[in-house]
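Hello,

Please find the structure we talked about below. My notes follow it.

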Amino acid sequence: MKPQTLAVVCVAVALSVAPHWTRAQQNAVELSLPEARALAAHALSNGRPELASKIAGGLLEADPRSTYGHYVLANAYAEMGRNREGRQAASRAYRYSTIPVQKFEAAELAARLSYAEERPTLTQLWLRRAVQHAPSAQIEAQLAKDYAKVRQQNPLSFSLSGGLRPSTNVNNGADTAQQVIDGLPFTGQLSGSAQALSGVIGSIDGIVGYRLRGTATSRMDVSARVFVQRIALDSAANTTAPNVRNSDLASTYGEIALNQQFAIGSPGSSVDVNAAVGRYWIGGNPNYGFVRLGAGHQWQMNARTALTLNSSVEQRFSARSDIYDSRTLGVVAGARHTLGWGDSVSVSLNLLNTASDFVNSRVSAAAVRMTYSFADQIGPALVSVGLVLGRSDYPDYVAVFNVPGGKQDRSAYADVNIFLPDMDYAGFAPTVRIRAGRTQSNVSRFDTREISVAVGIRSKF
């Protein structure tokens with residue numbers, strides 16, 4: 001601490017709080033650090049932000065890393081309506097603090113000043129920092145509500161998720177080396193690359209959206225999405241398929257979408273129409289581009305039950321040849337119901353039909369997913385369990401020769417999803433997904449099994 005610097009500040013304080021003192025008395029006034037802090041707090045509480053800023057200035061001259069000095073200055077600027085300077089001072093208070101409650105106070109103040117600046121994205125960032133240091137669960141819950149409010153007001157939206165998934169079948173390969181069709185070994189052995197390969201799947205999914213127009217009953221958004229998946233084969237996979245490189249299995253998906261939503265009927269019910277264009281790469285090479293149109297309807301039947309119906313048509317343009325172009329029609333119907341004790345049950349049915357000049361792309365498929373979600377934590381975890389049953393029919397499938405009656409696949413997969421909300425950082429908490437199942441086919445190339453454990457992150461609010 002520099003005593004003389006602090007004394008100069010104290011003279012200015014004396015002139016403002018005790019004008020009847022003699023000059024000799026004024027020059028003799030010195031304040032200790034606790035007294036200066038108390039005087040700064042007194043100045044703020046009595047509506048004298050200019051005085052508080054002078055005291056803060058003296059504290060910062062003595063110690064530029066003073067958390068208290070920056071925090072006082074931030075509050076003084078806030079009182080004077082100098083929001084940008086106040087937010088910057090609060091940011092410095094947050095940076096230099098080593099005490100959680102001080103970090104919380106600085107982040108919460110920076111969030112309020114960012115909101116006053118009409119900078120919602122920055123407000124969201126500071127609210128997440130405040131959540132990280134919230135002194136109680138009640139305060140954290142209130143910050144989550146504030147975050148939801150700001151997110152709704154913010155025309156810019158963004159989400160980022162990702163994870164790592166060790167798997168026994170990273171390439172959706174066959175679980176046997178024998179090629180069997182309808183029980184007969186017609187075409188011999190499968191190559192190593194066609195068999196199930198084990199390793200680790202890593203993925204990142206990022207979405208950025210912007211609200212172009214919004215009213216109380218409608219909104220229009222544009223969004224961009226990039227999904228990147230990379231695979232690392234293990235030593236067993238390298239032995240089975242020595243010519244397969246990790247990059248051969250890499251995939252990337254990108255799209256730009258436009259969505260228009262309208263509120264209709266009862267509160268919570270809506271209709272939306274959307275369009276998207278995009279491209280899919282595999283092994284570093286373009287695989288296909290696409291155009292998609294869709295429409296959906298959501299019904300909020302009551303406080304506990306909601307229904308959804310979505311449909312889409314997607315035209316794919318192959319990067320290899322026009323013969324691989326395809327058109328897919330899809331319909332998804334779903335229902336979600338909250339039980340009396342808080343747990344919820346959801347069911348969805350997914351139907352699709354793909355037409356193409358390439359016979360092996362022609363398919364009709366149906367899948368049903370059932371999910372049960374527990375409302376209360378089981379120990380540290382929120383848990384949901386799911387089951388997926390599916391069937392696909394390729395009526396004209398060719399595997400060297402025409403498969404009699406076509407190819408039929410039946411699949412069953414179960415998963416357990418675990419969310420650990422108490423292990424969060426800035427509102428982001430880890431997730432664990434355990435998945436196991438198999439697909440059975442009359443063409444053994446498509447008999448597959450998989451056991452995987454995926455670890456990722458998810459926002460709590």
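D409 counts as buried because its relative accessibility is 10% (buried is under 20% relative accessible area, exposed over 50%, partly exposed in between; 1.4 Å probe, protein chains only). D409 is found in strand β14, residues 407–419. Helices (H or I, at least four residues) and strands (E, at least two) are DSSP runs, numbered from the N terminus.

Before the rest, two notes on the source. This is a predicted model, where local features need pLDDT of at least 70 and side-chain atom pairs count only at pLDDT 80 or more, while totals for chains, interfaces and linings use all residues. Residues are numbered from 1 along each chain as its sequence is written, and side-chain values use heavy atoms, with hydrogens and water left out.

Back to D409. Its side chain makes a polar contact of 2.6 Å with that of K407 (a pair of N or O atoms within 3.5 Å; within protein, one must be able to donate a hydrogen and the other to accept it, and residues adjacent in sequence count only if both atoms are side-chain atoms). Setting aside residues up to four places away in sequence, D409 touches G390, R391, S392, Y394, T439, Q440, S441 and F446. Contact means heavy atoms within 4.5 Å.

The chain as a whole:
- Ten helices and 16 strands make up its secondary structure.
- Of its 461 residues, 38% are buried.
- Among contacts between residues at least 6 apart in sequence, 56% join residues at least 24 apart.

Now the cores. A nonpolar core is a set of buried Ala, Val, Leu, Ile, Met, Phe, Trp, Tyr and Cys residues joined through side-chain atoms within 4.5 Å. The largest has 37 residues, and I55, L73, W126, L127 and L143 have the most contacts inside it. Two or more residues each come from α3 (33–45), α4 (49–62), α5 (67–79), α6 (83–96), α7 (100–116), α8 (120–132) and α9 (137–153). α7 gives the most, with seven residues. Beyond its neighbours within four places in sequence, L127 is in contact with A111, L143, D146, Y147 and V150. Another core, of nine residues, lies apart from the largest one; V170, I201, I231 and A237 are among its members.

Last, W299. This residue lies in strand β6, residues 285–300. W299 counts as partly exposed because its relative accessibility is 32%.

Best wishes
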